[in-house]
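Dear colleague,

I am passing on the structure we spoke about, and below it you will find a short account of what turned up when it was examined. Please read the account with the structure open beside you.

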Amino acid sequence: MINQRSLFFNIDWIIIFIYVALCVIGWFNIHAAVYDPQNPSIVDLDTNYGKQLLFIVTALILGAVILLLDNKFFNAFSPIFYGVTLILLVVVLFVGRNVGGNQAWIPIGSFRLQPSEFAKFSTCLLLAKYLSSTNLKLQDFQTLLICGLILVIPTALIMLQPDTGSALTFTSLIFVLYREGLSGYTLVIGALFIALFVLTLLYSTWIVAGLLIAVAAVLIASNKKNRSFITTIAIGTVISIIFIFCVDFAYNSILQSHQRNRIDVILGKIHDPRGEGYNLNQSKIAIGSGGLWGKGYLQGTQTKYDFVPEQSTDFIFCTVGEEWGFAGSFVVIALYVTLLIRIINLAERQRSAFTRVYGYGVASILFFHFFINIGMTIGLVPVIGIPLPFISYGGSSLISFTILLFIFLKLDSNRMGVI
Amino acid sequence: MNSFFPRRYVIQGIFIAIALVLLLRLFYIQVIDKSYLLSAKDNVLRRIPIFPARGLILDRTGKVLVQNEPVYDLMVIPKEVKPFDTLEFCRLIGIDKVAFDKKFQKAIRYSRYTSSIFEKQLSAVTYAAFQEKLYEYPGFYVVNRSVRFYPDSIAAQFLGYIGEVSERDIEKSGGFYRKGDYIGKTGVEKSYEELLRGQRGVQQLMVDAFNRPKGHFADGRYDTIAVSGERLISSLDKNLQKFGEQLMVNKIGSIVAIEPSSGEILAFVSSPSYNPNLMVGRQRGKNYNKLNTDPLKPMFIRPIQAEYPPGSIFKVINALLGQQFGLIKPDTRFFCGGGYYYGGSRPMKCTHVHGSSDLARSIQVSCNTYYGNVYAAMIDRSGMRPVNGFKRWREGVAKFNIGSRLDIDLPHERKGLLPTDSLYTKRYRSDKWRSGYNISLSIGQGELGITPLQMANVAATVANRGFFYKPHLVKAIGEKKFIKPEYTKKNYVGVDEKHFEPVIQGMSMVVNQFPGTATYSAIHNIEICGKTGTVQNPHGDDHSVFFAFAPRNNPKIAIAVVVENGGHGSTWAAPIASLLIEKYLTDSTKRDKYYLERILKGNLLPRPKVAPKPAPVKKPDSTSNKQKPKPATTNKIAILRND
C-alpha cells in the first residue's frame with residue numbers, strides 16, 4: 001500500500017501527456033502571437049509568454065498537490081467548495097474589478113481571482129456528489145429540480161456579472177444529466193430548440209410559426225388515429241410557438257446589442273468586416289491564409305502584426321491555424337478529441353458513480369470550451385469570449401482547467417479503492 | 001456502470017461529430033478557399049507609391065521656366081490620434097477649428113485604421129514650424145511630394161498647370177493614375193504629360209493592423225524606384241516672353257513670335273494673363289474659381305483660341321494669290337479715288353485718296369481700292385464662273401493654314417473661320433453672286449476668323465518666301481534632344497517664291513518708308529517687313545493688329561500682335577512688335593524712354609461701367625472673340641475703312 005501513496009500511482013499517463021502537449025502548444029503560440037521581432041527574447045516575465053510559462057509551472061505544481069490530496073477530500077468537501085464558490089460569486093458582484101465590461105475579478109494583491117472559473121469544478125463536484133447518492137432517479141421531478149438548482153444558481157450569479165460566455169458553459173452539463181438517465185428526448189428537444197432559435201432569427205417570427213403549424217398539420221394528418229400522438233404534437237407546437245415569440249422578445253429586449261450583433265454576423269444578417277464583424281473576419285483570414293501546412297512558426301503576418309484582437313487569449317487558435325495550417329489545426333483538434341474520449345472511457349471504468357459523474361462533467365465542460373472557442377474563430381458559432389482550454393493565455397483559466405482535470409485524474413487513480 | 005452505459009457512445013459520437021464539423025470547416029477555409037490568403041496579403045502589404053519628380057521645363061536657352069518645389073501632405077490615422085491641443089495645431093498649419101473638425105470627421109469617415117490626407121501641400125515654411133511639434137500629435141505624419149514652381153511667373157497659358165486626376169483621367173489611363181496623382185490639365189503640361197510625368201516607383205511595405213510600417217516585403221525585392229520625368233526644352237525665349245507680357249499689361253490680346261527657319265514659337269503671350277503660381281498649392285481651388293469667373297477671362301488661351309477677322313494684314317495673302325493666279329503683276333496699277341465701287345452707290349472707302357498705286361505701294365499704304373480690284377479680278381475676271389473663281393481663291397487661302405488647325409502641341413486650339421462658296425450661295429439663294437457680294441474678304445473683313453497663331457504663321461511663311469514649318473512649342477525632348485519629324489517638314493503654300501519679293505518690298509515700305517502705315521515702328525539697322533491691320537469690331541473699338549518679320553534677309557523672327565480695342569494697327573500692335581523684334585535681335589531696347597513707357601502704361605481694358613461715358617461700355621467682347629462678325633451685307637461694307 002506504500003505504492004499507493006506515491007504521487008503518480010495509477011495515474012493515466014495518456015491524459016497527462018495530452019495535457020502537457022496542449023500547454024506547450026499553447027505556450028509556443030502565445031509566444032508567436034505576441035512575438036516582437038525587435039525584442040525576440042524567449043523568456044521574459046514582462047511578456048505574455050513569459051508569464052504563461054510561470055502559469056504553466058504553477059499549474060503543474062498545483063496539479064501535483066491535487067494528486068497528493070486524499071481522495072475522500074473532494075467528495076466530502078464538495079458542498080463546501082460549492083458554498084464558497086457561491087459566496088465568491090456574490091462577493092465579486094460588489095467588490096469585483098470590472099475588466100472589459102465583466103464584473104468578474106476579485107483582486108487579491110497582485111493576483112486576480114476569477115470565481116466563475118472555480119464555479120466550473122465546484123459545480124461539477126456537487127453535481128457528482130448529488131447524483132452519486134443512492135436511489136436517485138433522474139426521471140423524478142424532485143431530483144431534476146435539485147440538479148437544476150445546482151446548475152442554475154451559479155449560472156444566474158455569473159449572468160449578473162454579466163459574463164454570458166462562462167454562464168453558457170453550464171449548459172454543457174446536460175450531457176452529464178443525459179448520461180445519468182435524463183430522457184434522450186431532452187437532447188433532441190434541445191437541438192430542436194436551437195434550430196428554432198436560429199430559424200426565428202433568420203426569418204420572421206410569423207413565417208417560422210406558420211411553418212411549424214404546417215408541419216404539425218401534416219404529421220397529424222398522417223397519423224389521425226393515434227390520439228396521444230396528436231395531443232403530443234399539438235402541445236409541442238404550442239410550446240414551440242411560445243418559444244419562438246420568447247426568442248424574438250429575448251433577442252430584441254434581453255440581449256445586449258453587441259451580442260445581437262455577434263449573432264447577426266454569424267447568421268450573415270449584417271456584413272461589416274470593419275466594424276462588428278472585424279474580429280471574426282480577421283480571425284478567418286488568419287486561419288484561412290494558413291493553408292495546408294501553415295506559414296511557419298513566427299511567420300504569421302495576421303497574428304504578428306496585430307490584425308486579430310485578443311489573439312493570445314480567446315483567439316489563440318488563429319495563430320495555430322495561420323502558422324501551422326490545416327495540419328496543425330488537425331493535430332490540436334485530434335488531441336482534444338482524444339482527451340475527451342479518454343476521459344469518458346476512464347469515467348466509465350469507475351466503480352464510484354461520483355467519479356463517473358465528475359468525469360462526464362469535466363469532459364462536457366472541456367468539450368464546450370473547445371467547440372465554442374474554435375467554432376467562433378472560424379465563424380461557426382457567434383463570438384463568445386471563452387478560452388481554449390490549456391492553450392489560451394491566462395493564469396485563471398489555465399489553473400482552473402488544471403484543477404478540473406487533475407481532480408479527475410486523482411479520483412481515477414483511486415478507482416480501485418472504495419469510497 | 002449502470003443501465004445507461006450505452007449512452008457514452010452517444011456522447012462520444014456527438015464529440016467526434018462536432019470535431020469533424022470543425023475539421024471540415026477548417027479544411028474548407030484553409031485548403032479549398034484561397035481568398036483568405038489574398039485578404040491576408042491585402043491586410044499586410046501596402047504599396048506605397050514613390051512619386052517621381054516631374055520633368056523640368058526650360059526655355060530655349062536652358063533657363064528654367066518650371067521647376068519643382070517640395071511640399072508636405074499631412075496625413076492622419078484617426079485611430080492613433082490622442083487628445084491634444086487642437087488650437088495650437090490649427091495655428092501651426094493655418095486652419096481654424098471648424099475646418100479642423102470637418103477634416104477630421106472626413107478622415108474618420110474614410111477609415112479609422114488607415115491613413116488619409118488631412119491637409120494638402122503644406123509649404124516648406126509651414127512644415128518647418130510644424131515638424132518640431134509633430135511628436136505631440138500621434139496619428140499625424142507627413143509625406144513629401146513636389147509641386148510646380150514658376151520662378152518668373154510667366155507664360156501661364158503656354159505652360160498650363162497640373163491638377164489632381166479626375167475619375168475620367170484614371171479610367172482613360174487604364175490604371176496608370178491613382179486617386180491623388182497629378183496630371184497636366186492644360187498647356188505644355190498636358191500635351192507633354194507622358195514625358196513629364198515620369199515613372200512612379202513603388203515600395204511594398206508590410207504594415208501591422210495599425211498601419212505601422214514593419215519593413216519591406218521580401219527585403220525590398222519587389223520595390224521599384226521612381227524615374228523622374230524627362231526635361232523638356234521649350235522653344236520659348238524667356239526674356240522675350242517676359243518682355244512681351246510686360247508690354248501687354250492692361251491690354252487684351254496676344255503675341256505670337258515664331259522662328260521662321262524652324263517653326264519654333266519664341267513668345268506666346270495671352271493677355272490678360274495670370275500668375276501660374278496661383279494654380280499651385282492650398283489656395284488653388286479658390287484661385288481657380290476666381291480666375292474662371294474673371295470677366296477678362298485670363299484662362300482663355302488667346303493666341304490659339306481667339307479668332308479675329310485679320311483686317312488689312314490679309315491683303316498680303318490676296319496680293320500673293322493675285323500674282324500666283326496671273327491676274328496681277330508687281331507693276332499692275334489701280335487708281336484709287338478714295339474708294340472702291342463694286343456696285344450700288346456707296347464705295348468701300350479708303351482713308352485717303354491714294355491715286356495710282358502699284359503692288360508694293362498698295363501694301364505700303366494699305367489701299368482698299370487696290371484690293372477691291374484684285375479680289376474682283378480673282379473672282380469675277382478669272383476666266384471662270386465667279387463661284388469657281390471663289391473656290392480657287394479659297395483653296396489658295398486655305399493653303400496658308402487659315403480655317404484649319406495648325407495642330408500646335410497645345411490642347412484646345414481653334415481652327416478659325418474661312419467661308420466656303422456655299423455660304424454665299426445659300427445666303428443669296430443662287431450661285432450667281434459675284435465679288436461684290438463679299439467684297440470685304442478682299443481686305444480681311446467679313447466672314448473670316450484667324451487666330452494670332454495663324455497670323456504669325458503667315459508672317460513666317462512670307463519670311464520663308466513660300467513655306468512654313470509647323471509651329472511648335474518644344475525645341476527638344478529629353479537628353480537625346482528628340483525632335484518630332486513633322487516639325488522639320490516644309491509646308492509649301494502654293495505660291496511661287498518670285499511672287500513674294502514685291503510683297504515683301506511693300507511690307508518693308510510699310511515700316512521703313514514714308515508714307516508707310518507703320519513708320520513709327522521702324523528700327524535703325526533692322527529692316528522690319530510688316531503689315532498693319534485695323535480690325536473692325538462691331539462690339540467696340542477696333543482691334544489693333546500687326547504682323548511682321550525681320551530682318552528682311554535671312555529672317556530670324558516672325559511675329560503677330562493683336563491688341564483688342566487698340567484702334568489702328570500702327571498705334572499699339574506695331575510698336576509692340578517692333579520692340580519685341582529689337583529685343584530679340586539685339587537683346588536690348590534703344591528707344592526713347594517715352595516710346596516704351598507709353599506702351600507699358602497704356603491701359604486698353606474695357607472701362608468700368610461707372611465711367612462717365614455717354615454710351616454704355618460694351619461688354620468685354622474682346623474676350624469672347626468668337627466674334628463671328630455679322631454677315632456683312634454689301635450695304636454695311638460701305639462704312640469699312642482701310643488703314
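**What was found**

In the UniProt record, an unreviewed entry, the feature "transmembrane region" is placed at residues 9-28 of chain B. In this model, which is a predicted one, that span is 100% helix and 0% strand, and the C-alpha atoms at the ends of residues 9-28 of chain B lie 28 Å apart.

Turning to the contact between the chains, 39 residues of chain B are in contact with 51 residues of chain A. The area buried between chain B and chain A comes to about 4,000 Å², with carbon and sulfur atoms giving 70% of this area. On the chain B side, B:Phe15, B:Leu22 and B:Gln30 lose the most area to chain A, and together they account for 18% of what that side buries. The rule for salt bridges finds 0 across the interface of chain B and chain A.

Leaving aside neighbours within four places in sequence, B:Phe268 is in contact with residues including B:Phe158, B:Leu236, B:Ile304 and B:Leu473.

With best wishes

Note on methods: Residues numbered from 1 in each chain as written. Chains lettered and ligands numbered in written order. Predicted model: local features only at pLDDT ≥ 70, side-chain atom pairs only at ≥ 80, totals over all residues. Heavy atoms only, no water. UniProt positions renumbered as here; feature names shortened; annotations may be inferred. Helix = DSSP H or I, 4+ residues; strand = E, 2+ residues; numbered from the N terminus. Contact = heavy atoms within 4.5 Å. Buried area = accessible area lost by both parts, 1.4 Å probe. Salt bridge = Lys/Arg side-chain N within 4 Å of Asp/Glu carboxyl O.
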